[in-house]
Amino acid sequence: MLFTSLGLSDPILKAITETGYTKPTPIQAKAIPLVLEGRDVLAAAQTGTGKTAGFTLPLLERMVQSHKETGTHKGKPRRHVRALILTPTRELAAQILENVEMYAKYLPYKATVVFGGVNINRHIATLKEGVEILVATPGRLLDLASQKHVDLSRVEVLVLDEADRMLDMGFIHDMKKVVKLIPKKRQTLLFSATFSKEIKTLASGFQTNPALVEVAAQNKTADRIAQLVHPVDKKKKKDLLVKLIKDGQWKQVLVFTRTKHGANKLCEHLEQHGIQSAAIHGNKSQGARTKALAGFKENRIRVLVATDIAARGIDIDMLPHVVNFELPNVPEDYVHRIGRTGRAGREGEAVSLVCVDENDFLRGIERLISQKIPKEVVVGFEVDPSIAAEPINQGGGRGRRGGGQSRSHNSSRGSSSRGSNDRKRSEGGENKSSNSRNRSRSRSRNRSSSSDS
């Protein structure tokens, strides 16, 4: 199948051709026709399989067809929000906007993105000019709506991207508030890296008879990603990472840590050994995060050290290496992390440095992905068998599902609320209650928000 067979208009096809793509991915081939029919769609696919284009391309096509039918394609298009794309993090929101602008290159529609961490006045000024496509994180969108700076009453299409991540970060109440602001008669597209009972429950409340699209087994890692575990003592992890990078001559490496402090310390260690690196996490300003990500994409920064805030916001087609410096305590996050490599049909390598404390996490991950990950001991970094496992302080982790969290949580179900709130704080997500948001609205007009959303 080619993109030309999907019923897309010439301006969209021209933009696609300029990206170098000719054949849709499986998720695109299945989802695009359904979206073009006007159906609500509930779609899941492995990360890195092209979900963004799966909703962006048909969304643009439906806007084109609507203009032709109403005669408004002649002259200036209507400048009100017709499509709203809701997403959990700043990086992912910015990435989606890039895709929208790329595919809408030869169309007259204007798109913008709004999220926390930047002065709200910038968003107000852009929205005042009028946009058709709005990409947003929940908290900043609600702030703008409450101040009457954005009108969502004529939204025709709602896209919930990475909906599972939004649930995990505790955005369910904000999502419900947003849905109340848009028309009941609309098309709703829900895209997710995973399917779960929670996601299907969410879909039943937001969608009408959705078409179900799933192109791969749930929570499976891509075959093109070579996975490897290096058992190592915790105190030797930093030096092992330096060795792997230098001996392997790795030029572009995305490294995941569990905490923000850990990310900063690891960057310091890498720099001390002559490896240019930068950290990206919730305590960094939006400017610093944007600069670090740009430097990494342009190969000016060799190693980007990130917490899970970046697990779904980094889209680099040819990223060769992902390293789990510390395993995530939630197994699904492992899938999202390593999905940053092996994208767009290319091969990639995912390496995990696992100490004795993380063996429970590793077993939880292997159960989730239904496979044993090969282990290889690096000479000079053999594990000391006399070292006993110690409980890991999961701090901002969610602790909702699997992966050995039982050591720190007596009830994973009962801790979900605490975990969501902790994740929002630890990853720069919105941690304001509704009351505190109301109190801060008057102040927020003239200052930057520190939240992800």
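Tutor: A strand is a DSSP run of at least two residues, and strands are numbered from the N terminus. In this predicted model, Ser192 lies in strand S6, which covers residues 187-192.

Student: Why is Ser192 called buried?

Tutor: Buried means under 20% relative accessible area. Ser192 has a relative accessible area of 0%, so Ser192 counts as buried.

Student: What makes the pair of Ser192 and Asp164 a polar contact?

Tutor: The cut-off for a polar contact is a pair of N or O atoms within 3.5 Å, one able to donate a hydrogen and the other to accept it. The side chains of Ser192 and Asp164 make such a contact at 3.2 Å. Beyond four places in sequence, Ser192 is in contact with several residues, including Ala43, Lys51, Asp164 and Ile199.

Student: How do you know whether Gln227 is buried or exposed?

Tutor: Gln227, in strand S8 (residues 225-231), has 10% relative accessibility and therefore counts as buried. The side chain of Gln227 also joins that of Tyr334 in a polar contact of 2.6 Å. Furthermore, the C-alpha atoms of Gln227 and Val322 are separated by 9.6 Å, while the two residues are 95 apart along the chain.

Student: What makes the pair of Lys105 and Glu18 a salt bridge?

Tutor: The cut-off is a side-chain nitrogen of Lys or Arg within 4 Å of a carboxyl oxygen of Asp or Glu. For Lys105 and Glu18 the distance from N to O is 3.0 Å, and the pair is a salt bridge. Glu18 is in helix H1 (residues 10-19) and Lys105 in the loop between helix H4 (90-103) and strand S3 (111-114), so the pair ties together parts 87 residues apart in sequence.

Student: How many salt bridges does a search of the whole structure find?

Tutor: The search finds 16. Among the linked residues, Lys237, Arg258, Glu326 and Glu358 form a network of salt bridges.

Student: How do you know that Arg258 forms a salt bridge with Glu326?

Tutor: The closest N and O atoms of Glu326 and Arg258 are 4.0 Å apart, and the cut-off is within 4 Å. This pair links distant parts of the chain, 68 residues apart: Glu326 is in the loop between strand S12 (321-324) and helix H13 (331-338), and Arg258 in the loop between strand S9 (253-256) and helix H11 (260-272).

Student: What makes Arg258 and Glu358 a pair that ties together parts of the chain?

Tutor: The side chains of Arg258 and Glu358 meet in a salt bridge of 3.0 Å, N to O. Arg258 lies in the loop between S9 and H11, and Glu358 in the loop between strand S13 (348-354) and helix H14 (359-369), so the pair ties together parts 100 residues apart in sequence.

Student: Why are Arg258, Glu326 and Glu358 called buried?

Tutor: The cut-off is under 20% relative accessible area. The relative accessibility is 17% for Arg258, 18% for Glu326 and 1% for Glu358; each residue therefore counts as buried.

Student: How many disulfides does a search of the whole structure find?

Tutor: The search finds zero disulfides. Cys267, at 8% relative accessibility, counts as buried, and Cys355 counts as buried at 5%.

Technical notes: Residues numbered from 1 in each chain as written. Predicted model: local features only at pLDDT ≥ 70, side-chain atom pairs only at ≥ 80, totals over all residues. Heavy atoms only, no water. Helix = DSSP H or I, 4+ residues; strand = E, 2+ residues; numbered from the N terminus. Buried < 20%, exposed > 50% of the residue type's maximum accessible area, 1.4 Å probe, protein only. Disulfide = S-S within 2.5 Å. Contact = heavy atoms within 4.5 Å.
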